[in-house]
Amino acid sequence: MAASVLPSAYQTSAASPDWLNKGDNAWQMTSATLVGLQSVPGLVILYGSIVKKKWAVNSAFMALYAFSAVVICWVTWGYKMSFGEKLLPFWGKAGPALGQKFLIKQAALPASTQYHSNGEEETAMITPFYPMASMVWFQCVFAAIAVILLAGSLLGRMNIKAWMAFVPLWLTFSYTVGAFSLWGGGFLFHWGVMDYSGGYVIHLSSGVAGFTAAYWVGPRLTIDRERFPPNNVLMTLAGAGLLWMGWAGFNGGDPYSANIDSSMAVLNTNICAATSLLVWTWLDVIFFGKPSVIGAVQGMITGLVCITPGAGLVQGWAAIVMGILSGSIPWFTMMVVHKKWTLLQKVDDTLGVVHTHAVAGYLGGILTGLFAEPTLCSLFLPVTNSRGGIYGGSGGTQILKQIVGGAFIIGWNIVATSIICVVIGLVIPLRMSDEQLLIGDDAVHGEEAYALWGDGEKYDGTKHGLYSDDTTHHRQPSGATQVL
């Protein structure tokens, strides 16, 4: 009998080397696209809609600009600082990720080999079955959304030129440190701190950095702080929906494979987000008498953030528990603690990012240390025999690791963000002028979000009559007498 021949789609070729798994590669590029859509257009729409009308253009543009700037900085030096060869225990060696030879070879994280204390190899280097190009792009969209989330604390008053300088500096001196330390093979990675998909690297860092930057930039005008209604609630929901659905790529892509753990992560993500949204909404009804759409969006976000560090590491029932806590604890810090704590009152965190991302992210990291299931941990983590506190053994130590890992991210972001803001402030004012703050988009960009009829115009029946396609209809010739 003649030997069977593989279909051409599965045969090795220059474009399909034997290490390439087309399914993994397709899922990784799809996941990256989903995460990219969370930013553009997701957060662009959400930011442009959830702010006061006069800041719609500026807020959307801050997100759009950050995304573009991060892409260029990432491929030029940021990727290798986050996932390249080790330079320091918390930083990789900077370098470009642009050459063909680098991008078409099999993806690998060179600092990720895990060793036992006696020097024997514990877990091999991470080598997904797709090219470096897919890895670079996947990690790029994570870096971009971290900066954009940070912007939520600064909407409505940061000088756009200062923001343009801030983005590459924060990416370089803050984000890359957290990414390498926890994901790229840094000291927290090898110590065994669990951050499945960015509860610390992205959400805790952006929440703390946003709050810190808000302190240095200064507040909005008093009139804006007292009343800052969304200009379009329905479009806010559209942006939030893109954020929620895009989280399938956010958490589902982090096993670097289309495997059973990625499926678990996607399911847990939706369970926790739905639970958190419901709990936040119920609390609004109980204490304020009515459900808030914006509150529901906040609850959705805190649920997504909280599950992120443990998405593929916890069981479904734990995802529900995490959703209950993420829908209530950040609600309490935002609605109760914020109004009583002088520091929180003093710092103008426009969208409450310190609550929705810093509090929820740290909460999720600690709960992951409590609920991480041993079998699921073995599917993903480089440190063998990892487990959460409720499973005994080393679980108690894991909670301590989670607390310490989060504390490092908090401390680094406070210091790095403060230095960046002070340095920029020496050259460019961090805050817009009061005149610009009073006017908004038109003063800053020369553009406005909405061009609606009647906005500053007087009614003219010849232009806005029944027959708007014929503006001369019913008009009398000059000097003519109207017949009654």
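Aspartate 254 sits in the loop between α9 (233–252) and α10 (260–288) of this predicted model. The residue is buried yet has no salt bridge. The nearest side chain of opposite charge belongs to lysine 401, 19 Å away, whereas a salt bridge requires a side-chain nitrogen of Lys or Arg within 4 Å of a carboxyl oxygen of Asp or Glu. What does the side chain of aspartate 254 contact through polar atoms? Its partner is the side chain of serine 197, at 2.3 Å. Leaving aside residues up to four places away in sequence, aspartate 254 touches Phe138, Phe142, Tyr196, Ser197 and Phe380.

Paired charges provide the next topic. Side chains of opposite charge can pair when their charged atoms come close.

| Aspartate 224 | Lysine 52 | 2.8 Å |

Aspartate 224 forms a salt bridge with lysine 52, with 2.8 Å between the closest N and O atoms. Because aspartate 224 belongs to helix α8 (residues 222–226) and lysine 52 to the loop between α1 (22–50) and α2 (56–83), this pair ties together parts that are 172 residues apart in sequence. Aspartate 224 and lysine 52 are both buried.

Why does aspartate 224 count as buried? The reason is its relative accessibility of 1%, since buried means under 20% relative accessible area. Lysine 54 counts as buried because its relative accessibility is 18%.

Arginine 431 counts as partly exposed because its relative accessibility is 25%, and aspartate 434 counts as partly exposed at 48%. Salt bridges with shared partners join Lys52, Lys54 and Asp224 into one network.

Attention now turns to nonpolar side chains at the surface. Which residues form the nonpolar patch? Tyr215, Trp216, Val422, Leu426 and Val427 make up this patch on the surface, and together they have about 540 Å² of accessible area. Two or more residues of the patch come from each of the elements α7 (199–217) and α16 (395–427). Helix α16 gives the most, with three residues.

Leucine 426, one of the patch residues, is found in helix α16. Leucine 426 counts as exposed because its relative accessible area is 72%, the threshold for that class being over 50%.

Is phenylalanine 332 buried, partly exposed or exposed? Phenylalanine 332 is partly exposed, with a relative accessible area of 42%. Phenylalanine 332 and tryptophan 280 are separated by 52 residues in sequence, and their C-alpha atoms are 9.6 Å apart in space.

Notes:
Residues numbered from 1 in each chain as written. Predicted model: local features only at pLDDT ≥ 70, side-chain atom pairs only at ≥ 80, totals over all residues. Heavy atoms only, no water. Patch = residues over 30% accessible without salt bridge, like charges linked within 9 Å, V, L, I, M, F, W, Y side chains within 5 Å. Areas by Shrake-Rupley, 256 points an atom, 1.4 Å probe, with all protein chains shown as cover. Helix = DSSP H or I, 4+ residues; strand = E, 2+ residues; numbered from the N terminus. Buried < 20%, exposed > 50% of the residue type's maximum accessible area, 1.4 Å probe, protein only. Lys, Arg positive; Asp, Glu negative; His and termini not counted. Polar contact = N/O pair within 3.5 Å; in protein donor to acceptor, adjacent residues only side chain to side chain. Contact = heavy atoms within 4.5 Å.
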